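Hi there,

Here is the structure I promised to pass on to you. My notes on its salt bridges follow below.

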Amino acid sequence: MRAFWILGDQLLPQHPALRQATPQDTFLFIESASRSSHLRYHQHKLVLLYSAMRHYAEELRQAQKQVWYHQLEDGIGDYFDALERFCKNQKPSSIIVMEPNEWGMQSILPHLAKGLGVAIEIIPSEQFLVTRGDFKAWAGSKTNLLMATHYQFQRKRLNILLDEKGKPEGGSWSFDEDNRKTANDFKKAKLTAPPLPAIARSAITQKVISQVTKHWSSHPGQASTFWLPVTRRESLQWLAHFIENSLPHFGAYEDVMIDGEKTLYHSVLSPLLNIGLLTPQECVEAALKAYQDKKAPLASVEGYVRQIIGWREFINGVYWLEMPEYQDLNFLKATRSLPAWIYSAKSPLNCVSRCIQQASETGYNHHIQRLMVLGNFFILSGCEPKAVLAWYKEMYVDAYDWVMQPNVLGMVLYADGGRFATKPYIAGSGYISRMSNYCAGCQYKPAIKTGPQACPFNYLYWNFFAQHSEKFKNNHRINMMVKTWEKKSVVEKEEIQASAKSFFQNNW
């Protein structure tokens, strides 16, 4: 008898184990309490993982498959403890697992095999459209990896949104410039974002909620307010809802942040994609069909497709290309600890506070909230990369190491020195006031540049260049800001740096 170990973030509808297993083989599932306590993972993420795993296993049982499942109540231990008990009881000839999505998990497999005295065979992952080997071959000896270049390469390879001549549909590879509507545009349009479909809780989910509440009550969020799909059927319903109701407006308003609109027109499918309940192929195909049926504009469809076959596949490729060295990078030599209020949402800045509160309540922020509000704050404050990375991994339901290492260290913090981000993503108050309505409820004034009433993003932005101008004076995308900083008067520079110093003294 062989054991096919199905990891919690690999609940694919067409998992290769389903094709390879014989009736004599066993499907193995392990809930590791010690792994879930490694960081203070959001309670909703833990509920999602355990409930989705249990539903997946139950579906296998109903299909007359042999299932061995280690649940939380079977004992508090790690993967080895559960595997050791399984091997003693079942005596498998081998354990077969699909390539883990995280470097840490893959690195421990040889040690598990040695300790158990049972061979662990790794089969190729089918959870992504681009294999690790293919990405490595594409990257070659490139010094800088550009998502746009990789995206175009994949568009051609997969024949997506190309005309009869092989050129990009609509004459452009990206319609990002068309997707720049502001918070004021949203208000003027008098639109109402559609609510996500409600999910009825099963007895399985209710039991998981109770267990998560019991074991991890100190973690962010409240398991009792869990709101996500946990089955393949429910996930497909969310995909259909997004395509029909949100995709038409997704592109235009994808960067907008509206207080009280938790998801706006975003799909909120990443938590489901990242554990395999949905596949990138079917999400792309659904969006393309909407465009072909004239139910969604090209700019929205292309923008969504780019998030999946562009950004998602690219980030996964970067992760496996650069690990494990990547996790220790700190190009800007940032050392500041996180502020004491980072989990309580009691930030003096309303935009930061509202984003943290939403993340705490739901385990979700969309990409601009994560990058241009929270990420902007972290990089301008000089926060230490590993501490920031841990916070992101703890707060989000779709957070996994392969997602967060490149996104946080590369995109948010520029800790890799520009391996794939051509400049730091930083901004003053202008961007946030234009793309959100957060500033209206803030004690600070976006129009004031320095002093106690000024929006901290204004002086922290220029203080960043005071600290790092040497690093960016030759960066063609941002060297104009370096020159602008250098041209400021001595008095103005002193006011900026004094304001930044005062902010840190009073809020840390």
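**Salt bridges in the model**

Asp25 is buried, at 4% relative accessibility (buried means under 20% relative accessible area, exposed over 50%, partly exposed in between, with a 1.4 Å probe and protein chains only). A quick note on the source: this is a predicted model, where local features need pLDDT of at least 70, side-chain atom pairs count only at pLDDT 80 or more, and totals for chains, interfaces and linings use all residues. Residues are numbered from 1 along each chain as its sequence is written, and side-chain values use heavy atoms, with hydrogens and water left out.

The partner of Asp25 is Arg2: they form a salt bridge with the closest N and O atoms 2.8 Å apart (a side-chain nitrogen of Lys or Arg within 4 Å of a carboxyl oxygen of Asp or Glu). Asp25 sits in the loop between helix 1 (16-20) and strand 2 (26-30), and Arg2 in strand 1 (residues 2-5), so the bridge ties together parts 23 residues apart in sequence. (Helices, H or I of at least four residues, and strands, E of at least two, are DSSP runs numbered from the N terminus.) Arg2 is partly exposed, at 26%.

Across the whole structure, the search finds 20 salt bridges. Another one joins Asp255 and Arg180, at 3.4 Å from N to O. Asp255 is buried, with a relative accessible area of 8%, while Arg180 is partly exposed at 36%. Both belong to a network of salt bridges that links Asp176, Arg180, Asp255, Glu302 and Arg306.

Finally, Arg370 pairs with Asp398 at 3.1 Å between the closest N and O atoms, and both residues are buried.

Best wishes
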